[in-house]
Amino acid sequence: MSQPTLTSDRLMGLDLARYFAFVGMVIVNFKIAMGAEGGDGILSLLTSALEGRAAATFVVLAGIGLGLAGQKNLDQTIAVTLKRAVFLLVVGLLNMTIFDADILHYYAFYFLLAVCLLGQSNRTLFATVIGLNLLFVIMVLTLDYDAGWNWDNYTYSGFWTPVGFARNLFFNGWHPVIPWLGFLVFGIMLSRLPLGARRIQWRLVVGGALAFASAEALSAVLIPMMGAIDPQLVSLVTTDPVPPMPLYMLAGISAACVVVGICLLVAGRLALTGVLIPAGRQTLTLYVAHILIGMGTLEALGMLGGQTVGQAVWASILFCAAATVYALIWARWFKRGPIEGLMRKVAG
């Protein structure tokens, strides 16, 4: 029996990373939807650590995928990506009518802007990531970040107006293009590494862990210092995803490196890889399903609001288990998930 190639291990590892990012995203969204916020237990601490990190890992993985595709055929990748961006925009805006925290319409603009950078050097890409972070800090200091928001119930007024849509999209939405585009650009940079090499995989894990710890430690040191100067300055140095300040971006990128590195290392060795990968290959379908089916079921059961963190985690585990089984069965007859297949048919 032939050994798996580095290329197949690499692709399996990326699919595995998508799976775990999907699980983290479901936990975060179910926790918010079920009103299971607060608490000081270890479970609450762990789920809070996922907030902003799971979604960031998804965007970094999207950048890796885009970068790998661009290395094969740049012109074709640009053409297909532009069409897929339009597809994601339509699906995302439809999703926004029932789920205010949709990320797909943001993805559409990440891709629209990122294709312009595919042919650029790593130095230019790195400068873009830094520039996006600096620009966001300037915007927070000069503009009203709270505009449109009711933080008591997390509703956003004026989203469907031109000004409100642009403000939410680029500045103060859940996943604003500035600076979240930096996650995807960083993913493009990672795609240029020999990801099949063990030394690179270990560097991602170790380097990512050290950078993550540094971001959290620096934030812990700076928060009381900034608070003593002006409590409003504290938000500039947190690793919370809202607002997404530079230390949060560093923590998100670092967490993504750790997840990607570990998944690349274990993909060819983990016995459950073959069970989990089919779900990792249709995360677009499962993302929509966790809203329509997952949250729809929670609503039917009267569990949207007033639940505990434990209940949210159990609901997430049950949904992800069902999604894993579904994807495994679906993959026996179809190469792609339903929405992935539709996107490929429509956009190439």
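This text goes through the salt bridges and then the aromatic pairs of a predicted model.

Local features are taken at pLDDT of at least 70 and side-chain atom pairs at pLDDT 80 or more, while totals for chains, interfaces and linings use all residues. Residues are numbered from 1 along each chain as its sequence is written, and side-chain values use heavy atoms, without hydrogens and water.

A salt bridge here is a side-chain nitrogen of Lys or Arg within 4 Å of a carboxyl oxygen of Asp or Glu. The count by this rule is 4. One of them joins Asp 15 to Arg 18, with 2.8 Å between the closest N and O atoms. Both residues belong to helix H1 (residues 6-33), where a spacing of 3 residues separates them by about one helical turn. Helices (H or I, at least four residues) and strands (E, at least two) are DSSP runs, numbered from the N terminus. Asp 15 has a relative accessibility of 9% and counts as buried; buried means under 20% relative accessible area, exposed over 50%, and partly exposed in between (1.4 Å probe, protein chains only). Asp 15 and Arg 18 also form a salt-bridge network with Arg 281.

Helix H1 also carries Lys 31, whose partner Glu 51 is in the loop between helix H2 (42-50) and helix H3 (53-72), 20 residues apart. The closest N and O atoms of Lys 31 and Glu 51 are 3.4 Å apart. Lys 31 is buried at 4%, whereas Glu 51 is partly exposed at 25%.

Another salt bridge pairs Glu 216 with Arg 53 at 2.7 Å between the closest N and O atoms. Glu 216 lies in helix H9 (residues 198-229) and Arg 53 in helix H3, so this contact ties together parts 163 residues apart in sequence. Arg 53 is buried at 9%, and Glu 216 is partly exposed at 27%.

Turning to the rings, the structure holds 23 aromatic pairs. Rings of Phe, Tyr and Trp (its six-membered ring) pair if their centres lie within 6.5 Å; planes under 30 degrees apart count as stacked, over 60 as edge-to-face and the rest as tilted. Trp 149 and Tyr 156 are an edge-to-face pair, 5.0 Å centre to centre with 85° between the planes, and both are buried. Tyr 154 and Trp 174 have ring centres 5.9 Å apart and planes at 40°, so they are tilted. Tyr 154 is in the loop between strand S1 (149-150) and strand S2 (155-156), and Trp 174 is in the loop between helix H7 (162-172) and helix H8 (177-191).
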